[in-house]
Amino acid sequence: MKTENEVIKLIKEKLNPLEVNKLRAQNLAVKLENEELVSSLNYLKSKGYSHLATISCVDWIEDNEFELVYHLFSYEDKINISVKTRIDRKKSKFVTIKNLWAVAQYYERDIHDFFGVEFEGNDDMEELILENWNDTPPMRKDFKTRDYVNEKFEWREYHGQK
Amino acid sequence: MKNLNGGNTMDKSKMTEMFFGPNHPGVPGNYGINYFYEGDTVVSAEPNAGHLHRGFEKLMEEREWIKNTALVCRICVMEPDINEMVYAMGYEAIGEIEVPKRAQYIRSIILEMARIQAHIFSIGGNCGAIGLYTAMHWGVLARDYILDLFEEITGGRVYHIYIRPGGVRHDIETSTFQKLLDLLDDLEKNRMPEFEKLIFENPTAQKRWKSTAVLNQEDALRLGVTGPTLRATGLEHDVRKLMPYGAYDEVDFEIPTGNNADAWTRMKLKRDEIFQSINIIRQLIKNIPDGPVSVNLGNALKYRIPKGEAYVKVESGRGEYGYYMVSDGSLKPYRVHVRGTSTPLGLYGVEALLPGTRIEDVPVWAHSLGICPPEFDR
């Protein structure tokens, strides 16, 4: 069992992170370059961080970037690591990690639904939650819920009010 | 929907396509499994999710921090308090807010009550899946007594909106604690032995659950499955012990485990966990300290925390419930991502693990693995 500081030291030595932070007890955050991500995840997986909780995507519209966050957990160290990388918002393309965790293909499909990010190597990118969606992916910050509603649906009168 | 048989090279003439759900008494919620079967065995399956998508994550970005407490509990009907707790924990982690001791104790009591009702309901639901409707109704009844207490404490039966950032909404009366203890006594002495006779000594339940819906340890770890499903494979992993929250580091309890990894083992674990929860609540009520039950965070509509992020998790009745929360320092959350417990099993698990199951066992598979569609449709 390793402490947070030992894990930080290990990450700094073995990987090539842009930034490693201790957010709070049992929680670390690692920022990586795009190219480093898959190999780093592979390394962390071999070191016991084999529980992939989920993959999150955050739309940083002001920086014109999407941030992909991979939440790993080790049952031995009892530490959560959020491994993060930023991709260009316009291109919105990244590589799949389904060869490391097969379950990730569905998380990636989910992100594709809601953010429109393509994952190279994951060829099953059918709609998962949404159906026949042809607008901006809904979780992007520039998708405005109310505009969409006004455009797609008709306001009906209800008790004399619109 | 895409062609279900895409890539499948098996003889199509022998197989029949079946749409299981989205409206079916055997599925837990509006969620479908589309599968091909040959004889009476499933050969390939695909999840058909999305019927319950209500856009929670988007809605949360458009509401002030406090307003979301009334929203998150609706993400999973079975685990409302768990969602409130994770949300509050995320807020407190980013804002570095210290929650008073008494609030932590009350939160843990509420969470354990929630666990008991979820387990009873789940055991009842599993009985429904194999046709033991009496046990199902008994499960609903036993759960209702706990909901009565929830109503007394919070004013709501199913959705409580009780745990909020900074503590809990208000204190619990001593007389209510006494009612809770009486209820636990009744549960332990009367109801659980009845369930034992009705369900666990029932030959039908044993035949249908034993060796059904087996999920081995390797697959469970590979998929990121947690909770009783993982513990049924012999591992003692529980978020309450791994990353203690609430008052769990101050109580003494055991983590029941099993070895056969089938539906039967999972049901027995849930039964054992009910006894553990009863034990935890008794300890918490005995040792509960006095003091405030929340910290003053100012005007509720003007809650503000600094920039930051947190991945927080809680042990729900079915395993790890996680939220990834990001704050940009404004009045509303910048991003909240919900990791429902059954996400890996309900999506990828159906494709990878369901094939090989008999048609009649598909409801047992879905119920005993705790598939809860609203949490991955969100």
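The structure is a predicted model, in which local features need pLDDT of at least 70 and side-chain atom pairs count only at pLDDT 80 or more, while totals for chains, interfaces and linings use all residues. Residues are numbered from 1 along each chain as its sequence is written, and chains are lettered from A and ligands numbered from 1 in the order in which they are written.

Chain B holds 14 helices and eight strands, where helices (H or I, at least four residues) and strands (E, at least two) are DSSP runs numbered from the N terminus. Because its radius of gyration of 21 Å is close to the 21 Å that the globule rule gives for 378 residues, chain B is as compact as a globular protein of that length; the radius is taken over C-alpha atoms, and the rule is 2.2 Å times the number of residues to the power 0.38. Of the 378 residues in chain B, 53% are buried, a term for residues with 20 or more other C-beta atoms within 10 Å of their own, the C-beta atoms being placed from the backbone.

An automatic or database domain assignment divides chain B into domain 1 (1-51 + 342-378) and domain 2 (65-340), and their centres, taken over C-alpha atoms, are separated by 27 Å. In all, 23 residues of domain 1 of chain B are in contact with 26 residues of domain 2 of chain B, contact meaning that the C-beta atoms of two residues, placed from the backbone, lie within 7 Å. On the domain 1 side, α12(B) gives the most, with six residues.

Three strands of chain B form an open antiparallel sheet in the order β1-β2-β3, with β1 (16-20) and β3 (41-48) as its edge strands. β1(B) and β2(B) pair over five bridges, where pairing requires that DSSP finds at least two bridges between two strands.

Chain A meets chain B through 29 of its own residues, which are in contact with 30 residues of chain B, and β3(A) supplies the largest share of the chain A side, six residues.

Methods. A residue is buried if 20 or more other C-beta atoms lie within 10 Å of its own, exposed if 12 or fewer, and partly exposed in between; C-beta atoms are placed from the backbone.
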